[in-house]
Amino acid sequence: MGLALRPRHRARPHHHGRNTGRHRPHRDRPRPGEAPVTRVPPVIIEEHPVADSAAEPYALTTGPDGALWFTLVHSGRIGRFVPGREPTSHRLAPDSGPTVITPGPDGALWFTEHKADRIGRITTDGVIDEFDLPTPGCGPFGIAAGPDGALWTALEIGALARVTPADSTT
C-alpha cells in the first residue's frame, strides 16, 4: 500500500518594510522579476521488501532487461527485482561489500566490491565475473559508464580507474 505525501514547503521570508509585523497573504501571481509559483502534485511512496534489513540494500539501477538491480552491501549479494514478482539475488563473497551498480556498454551490469578491491560484472542471466584492481586497499566505490565505451570507478586512494570491457571496440 502506498503512502501519498505532500511536499513540505519552506517558510516564506518575512517582508521587511512598511508591512513588517503583518501577515502577507500568499499570492498566485508573481511580481515582476519573481519566479512563478509552482504547484507540486502529491507523491506516492511504496516500500517493497527485497531482503532483510541486515543485508542493507545500497545502490539501485535499471538493467537492460527492465528489472531493478541493486547491491546488498552487508550480505555480499546482487539483487534483481521486478515489481509484482519475488526478488532474486546472486551471491558474491560475503565480505566483498558490493556498493554501486550501473549498466555497462556491453549489456551487462557492473558493480564495485569496495571491501574486496574488485570490480564485478553480472549478466541479466546471473553469470558473474570479478576483476581484481591493481592496487590493494584502493576501495572502489562509485562506477559509471563513460562516453568512451569504458567504465570508470572512483577509488578511495584519490584516483579514478578506467575499466575496458573485453568486447568493447575502444
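Strand 8 (residues 109-113) is largely enclosed by the rest of the structure, because five of its five residues are buried; buried means under 20% relative accessible area, with a 1.4 Å probe and protein chains only. Strands are DSSP runs of E with at least two residues, numbered from the N terminus. The model is predicted: local features need pLDDT of at least 70 and side-chain atom pairs pLDDT 80 or more, while totals for chains, interfaces and linings use all residues. Residues are numbered from 1 along each chain as its sequence is written, and side-chain values use heavy atoms, without hydrogens and water.

Both faces of strand 8 are covered, with Leu109, Phe111 and Glu113 buried on one side and Trp110 and Thr112 buried on the other.

Strand 8 pairs with strand 7 (residues 98-103) in the antiparallel sense over four bridges; two strands pair if DSSP finds at least two bridges between them. Ile101 has Phe111 in strand 8 as its bridge partner. Five residues lie between the strands of this hairpin, and Gly107 takes a positive phi near 85 degrees.

Strand 8 is also joined to strand 9 (residues 118-122), by five bridges in an antiparallel run. Here Leu109 has Ile122 as its bridge partner. The hairpin of strand 8 and strand 9 has four residues between the strands, and Asp117 in the turn has a positive phi of about 55 degrees.

Further along, three strands form an open antiparallel sheet in the order 11-12-13. Its edge strands, strand 11 (140-145) and strand 13 (159-163), each pair on one side only. Four bridges join strand 11 to strand 12 (residues 151-155), and Ala144 stands opposite Trp152 in strand 12.

Technical notes: Buried < 20%, exposed > 50% of the residue type's maximum accessible area, 1.4 Å probe, protein only.
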